[in-house]
Every structure is written in C-alpha cells, then in structure tokens.
Amino acid sequence: MAILPAAFVQEATVLPMRQITAMPNMPACLLGLTHRRSQVVWVASLIRLLGLPLPTRYRQQYSLVIVRVGTSTLALQVEAIEGIVSIPADTIQRPPTQTSATVLPYLRGCVTYRDETLLLLDAEAILQSSELQLP
C-alpha cells in the first residue's frame, strides 16, 4: 500500500471509465484525458508507472487521486482510496531493501502504520517522470 503527502493532493474521486478520453500514441501509463473543475487533466495509471503487475479484474470506474505540484496537475488512477492518515515526519524511514528498482525513484521513504509498511510516494518525482513526458 502507498500514500501521498496531503500537501500535493488536490482531490480524490471516482469516475466512470467513459469520462476518460484515450489519446493515441501515448505512453502505456497514460490512460487519457479528463475534465475536472474547469481544467483538462491527464490521467496516468500509477500501477503502470511504477512497473507493478496489473490487476486481473475489470473495472467500470477509476479511483483517482489528483495531485498538483506547482502548476502541474495529474490524476493518478489507483486501485483504491483508503482514506487519510496523519504521519509524523520523524517516523519516515528508508524504503525496505526488497523494494523494486522501478518503484524506488518515486519514493520518499516508508512508514509503519497499524503494523503495515506504507510506501510514501514522492509526488514531484511522479510528475517529473520520463514515462509521462509526451512525445
């Protein structure tokens, strides 16, 4: 399970798949465009961006976490949105040694919450990913 710093989260929402417009010739992690709050926003699959195995079940809607860094906005399609947790900054640790090399560039660290290790994602690194650079 992963978390994002609240300072970068603009919104969490669920949208029907039909509200995402696929665009041709884009990187595999870019699902398309959507319209949110008078703004056109790219939608990216966080699982694909991180190089993780794709889920096998079919979905009719996407759970999205819309992140904003500076003037850049991106909707991240995630498997589920569990809620909000408060994590003290002094509890952030190094990522586990067995963390995938494809995930490491997008991590700020990890935290233990309710006996579970949560990966703390780096929103800035995600938005600057070479995987999201348009041709």
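The model contains an open sheet of three strands, ordered β1-β8-β7, with mixed pairing. Its edge strands, β1 (2-3) and β7 (107-113), each pair on one side only. The model is predicted: local features need pLDDT of at least 70, side-chain atom pairs count only at pLDDT 80 or more, and totals for chains, interfaces and linings use all residues. Residues are numbered from 1 along each chain as its sequence is written, and side-chain values use heavy atoms, with hydrogens and water left out. Strands (E, at least two residues) and helices (H or I, at least four) are DSSP runs, numbered from the N terminus. Two strands count as paired if DSSP finds at least two bridges between them.

Strand β7 runs antiparallel to β8 (residues 116-121), and six bridges join the two. C110 stands opposite L119 in β8. T112 stands opposite T117 in β8. The two strands form a hairpin with two residues between them. In the turn, R114 has a positive phi of about 50 degrees.

The largest pocket holds about 1200 Å³ of space. A pocket is an open set of points on a 1 Å grid over the protein atoms alone, where a 1.4 Å probe fits, with protein on both sides within 12 Å along at least five of seven lines; lining residues have an atom within 4 Å of a point. Grid points are joined across faces, edges and corners, and a volume is the space filled by probe spheres set on the points. The lining of the largest pocket comprises 39 residues, and M1, A2, I3, L4 and L119 are the closest to its centre. Two or more lining residues come from each of β1, β2 (9-16), α1 (46-49), β7 and β8. Strand β8 gives the most, with five residues. By class, the lining has 29 nonpolar, five polar and five charged residues. Here Ala, Val, Leu, Ile, Met, Phe, Trp, Tyr, Cys and Pro count as nonpolar, Asp, Glu, Lys and Arg as charged, and the others, Gly among them, as polar.

The second largest pocket has a volume of about 220 Å³. Its lining has 13 residues, with P55, R57, Y62, Q77 and E79 nearest the centre. Seven of the lining residues are nonpolar, two polar and four charged.

C29 counts as buried because its relative accessibility is 3%. C110 is buried at 4%. The count of disulfides (pairs of cysteine sulfur atoms within 2.5 Å) comes to zero.

Terms used
Buried means under 20% relative accessible area, exposed over 50%, partly exposed in between (1.4 Å probe, protein chains only).
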